[in-house]
Structure formats: C-alpha cells, structure tokens
Amino acid sequence: MRLDKYLSDMGAGTRSELKKDIKSGLVTVDGITVRDPGTQVTPDSLITYRGEAVGYEEYSYYMLNKPAGVISASEDLHETTVVDLITDQKRKDLFPVGRLDRDTEGLLIITNDGEMAHRLLSPRHHVDKTYYARVTGIVTADTVEAFASGLVLPDGLECLPADLKILGISNVSAEDISNSDSLSSQKYTDTEVRIREGKFHQIKRMFLATGHEVIYLKRLSMGPLTLDPSLEPGEYRRLTSDEIKELKSI
Ligand code: URA
C-alpha cells in the first residue's frame, strides 16, 4: 500500500499532513529517508515517523461503551456514528460488530476483522449477550418462566430460551419515562437478561410481548467479553490480547 495510507491507517495524522511530512523527510522506510508519499510499503516494512517506529496492525479491536443518541453504523452524512467516536484511528475500514438501537448503551465491539464479526454474529454460534434492562411494571415469576421456555412474539418469531433475572422493583415518576406533567408514579423493574440470538429490537419486543416497556437498555457482555466498568458512555479502549484470543476462539 501507499506510505501515506499506511501511516494514516495507523492514526499518525491526516493524509495531507502526512504527505507534507513525508516530503519534508520525516519518514524512513527500512532505514532510508523517503520523500514520495506514494512509496509502496508492506506490513513488514520498517517505518519510522519523526524518529518513532510505526508498526502496522492488520486488525484493530476496540471495546466501546456506546452512549445513547449515536447510531450503530460506520458512517452517516448527518448523524454521529459509533465509528466516529473512535478518534485515535483514521483507518477507513472499521465497523461495529452488530447493532445496538440508538437509545441503547453499552458494549459494542468495533473492528475491521470481518471474519471475527461474522463468527460473533452468526446465528449458528448462539453467542450469549447480556443486557441490563429497566422496564415498566412489575416483572413476575411468570414472565421469568415465559422467557426461559422460549417466547413466541405476536409476529410469530419464536425466541430461544432466555435467562431473565429480577434485580429489583422500585417506583419511577411518570416524568422520568415520558414528558408527561403528571406527578403520578408507577412501578418499574430492573432486570438482567441473557439471550443467545440478536434479532431486531429483540429485548424490547420480548418485554413488550409480556406487557412491559423497556425504558433503559444497556449491553453488559457479548460472548466472553464484558463491558469494562471504567468506561463511561462514549469512552473506548483497545481490546487486550487475551480478550482478542477469547473472541477468536468462539
Ligand atoms: N435488543 C433491543 O431491543 N435493542 C438493542 O439495542 C439490543 C437488543
């Protein structure tokens, strides 16, 4: 690939900055200063920029704590995407592994490794996903049982058995769940749900089918990967080599 692309993929700067710096002699390839940004290099080339080695990473892996209000896409003309939030990388081939709804928070893997993404998302692999869900009303043991035995949604979708744990029941004011001026309050239930598939709006539809509306949803884990509790919504970090190894073993 071109030298300027290699460096910008690795987050060293923008293509135009890098072109200038290469022409100014700030880059070496295999020990020799080169001044042509179009010089062809490979992942095995030894490249330095401003005196520092810049190794090539074929695949990049990030864990993002997706904030609400951001769409799960690589690029969009009008809206901020989850990939826009990965600011330390300029490579153009990053994408989210699956989708979370715009209002859902939590764990999202961002990578350019298509094979890994395919395995994690393939229905054949039944990768577990765990969510924290706050829902309207009081969730009862009957609902826990219905989730466990495999719900059939009104549109006919047969869900695989899912684990539903009730974490607590509290009051929420109507203002918290809508813009209503009403001062009345109603009960809500905090839950943890584990599903083995990932159909469109699955958690929201499962709760709706049992009479509950999801008012807050956050993904906590995907397969062996758990959301790092130190990441605030909108923050991200690179996956560790152990985490990558575990994901690859699926
Ligand atoms: N289920 C949903 O309903 N929404 C999500 O974003 C993820 C799972």
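Colleague: Leaving aside neighbours within four places in sequence, what is threonine 28 in contact with?
Modeller: Thr33, Leu46, Ile47 and Thr48, where contact means heavy atoms within 4.5 Å. Bear in mind that this is a predicted model, where local features need pLDDT of at least 70, side-chain atom pairs count only at pLDDT 80 or more, and totals for chains, interfaces and linings use all residues. Residues are numbered from 1 along each chain as its sequence is written, and side-chain values use heavy atoms, with hydrogens and water left out.

Colleague: Why does threonine 28 count as buried?
Modeller: Buried means under 20% relative accessible area, exposed over 50%, partly exposed in between (1.4 Å probe, protein chains only). Threonine 28 has 17% relative accessibility, so it counts as buried.

Colleague: What makes the pairing of the threonine 28 and threonine 48 side chains a polar contact?
Modeller: They sit 2.4 Å apart. The term takes a pair of N or O atoms within 3.5 Å; within protein, one must be able to donate a hydrogen and the other to accept it, and residues adjacent in sequence count only if both atoms are side-chain atoms.

Colleague: Why is H3 called oblique to H7?
Modeller: Helix H3 (residues 114–121) and helix H7 (residues 241–248) pack at about 60°. Under 35 degrees is roughly parallel, over 145 roughly antiparallel, 65 to 115 roughly perpendicular, and the rest oblique. That angle therefore makes H3 oblique to H7.

Colleague: Which residues of H7 are buried, and why are they put on the same side?
Modeller: Glu243, Ile244 and Leu247. They cover an arc of only 100° around the axis, so they lie on the same side of H7. On the other side, Ser241 and Lys245 are exposed.

Technical notes. Axes fitted to C-alpha atoms, helices over the stretch in contact; angles between N-to-C directions. Helix = DSSP H or I, 4+ residues; strand = E, 2+ residues; numbered from the N terminus. Arc of directions from axis to C-beta.
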